[in-house]
Amino acid sequence: MGFYCGGRFIYSEVGVIFFPCFVDGDEDLIGKAESLLPSAAGQYLVERKASLETASELPELRFFYEGPESDEIADSIRTFAQLDGRKPLLTIVDIGERRTHTVQGDEISKETIDDLISKFKNCTLDFVQLCD
């Protein structure tokens, strides 16, 4: 399951996209995304690889952040997921199931990201179904 962006189909095999939106070119927030996301993504990748071919296999997650200038893919994901323009915005977008979970609050930290991923792995997030 995926969606079209600029006439091409993207994320055809990804069930869930982890999409922290740091918008409007705010250099401090972009720097925060650049410093926080690689370690979270790396840790999840290690855990996912260890879980492959087990009864508790973790789904694939893609980690994104919006850069200094909005681009077509970021805009498409934001539109598809019906995300508002607030910043910072940390959300999980499940394209296949057409649902999202957005973290409430104005501060994104390592703990916020770790908590979101932990709740995702434990299936305890409250997702909101997307409207057509």
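Student: Is Ile117 buried or exposed?
Tutor: This is a predicted model, and Ile117 lies in its helix H3. The relative accessibility of Ile117 is 6%. Buried means under 20%, so with 6% Ile117 counts as buried.

Student: How far apart in space are Ile117 and Tyr44, C-alpha to C-alpha?
Tutor: In sequence, 73 residues separate Ile117 from Tyr44. In space, their C-alpha atoms are apart by 8.1 Å.

Student: Which residues touch the most other members of the largest nonpolar core?
Tutor: This core has 16 residues.

Student: How many residues does the second, separate core have?
Tutor: Phe80, Leu83, Leu89 and Val93 are included in this second core. Its number of residues is seven.

Student: Which residues of helix H2 are buried?
Tutor: Helix H2 covers residues 72–80. After H2 comes Gln82, with a positive phi near 55 degrees. Within H2, the buried residues are Ala74, Ser76, Ile77, Arg78 and Phe80.

Student: Is Pro38 buried or exposed?
Tutor: Pro38 has its place in helix H1. Its C-alpha atom is separated by 8.4 Å from that of Phe63, 25 residues apart along the chain. The relative accessible area of Pro38 is 51%. Since exposed means over 50%, Pro38 is exposed.

Student: Which backbone nitrogen does the side chain of Asp94 reach?
Tutor: Asp94 is found in strand E5. With a relative accessibility of 5%, Asp94 counts as buried. At 3.0 Å, its side chain reaches the backbone nitrogen of Glu97.

Student: How many disulfides does the structure hold?
Tutor: Two cysteines may be considered here, Cys123 and Cys131. Cys123 is exposed at a relative accessible area of 70%, and Cys131 also counts as exposed, at 51%. A disulfide requires a pair of cysteine sulfur atoms within 2.5 Å. The number of disulfides in the structure is zero.

Student: Which residues are the closest to the centre of the largest pocket?
Tutor: The largest pocket has a volume of about 180 Å³, and 13 residues line it. The closest to its centre are Pro59, Arg99, Phe120, Lys121 and Cys123.

Student: How many residues of the lining are charged?
Tutor: The largest share of the lining, three residues, comes from H3. By type, the lining of the largest pocket has seven nonpolar residues and one polar residue. The number of charged residues is five.

Student: In what order do the elements of the protein chain run?
Tutor: The chain has three helices and seven strands. Read from the N terminus on, their order is β-β-β-α-β-α-β-β-α-β.

Student: What percentage of the residues of the protein chain count as buried?
Tutor: The protein chain has 132 residues. Those with under 20% relative accessible area count as buried. In this chain, the buried percentage is 40%.

Definitions and conventions:
Residues are numbered from 1 along each chain as its sequence is written. This is a predicted model: local features need pLDDT of at least 70, side-chain atom pairs count only at pLDDT 80 or more; totals for chains, interfaces and linings use all residues. Side-chain values use heavy atoms; hydrogens and water are left out. A nonpolar core is a set of buried Ala, Val, Leu, Ile, Met, Phe, Trp, Tyr and Cys residues joined through side-chain atoms within 4.5 Å. Buried means under 20% relative accessible area, exposed over 50%, partly exposed in between (1.4 Å probe, protein chains only). On a 1 Å grid over the protein atoms alone, a cavity is a set of points where a 1.4 Å probe fits but cannot get out, and a pocket is an open set with protein on both sides within 12 Å along at least five of seven lines; lining residues have an atom within 4 Å of a point. Grid points are joined across faces, edges and corners, and a volume is the space filled by probe spheres set on the points. Helices (H or I, at least four residues) and strands (E, at least two) are DSSP runs, numbered from the N terminus. Ala, Val, Leu, Ile, Met, Phe, Trp, Tyr, Cys and Pro count as nonpolar, Asp, Glu, Lys and Arg as charged, and the others, Gly among them, as polar. A polar contact is a pair of N or O atoms within 3.5 Å; within protein, one must be able to donate a hydrogen and the other to accept it, and residues adjacent in sequence count only if both atoms are side-chain atoms.
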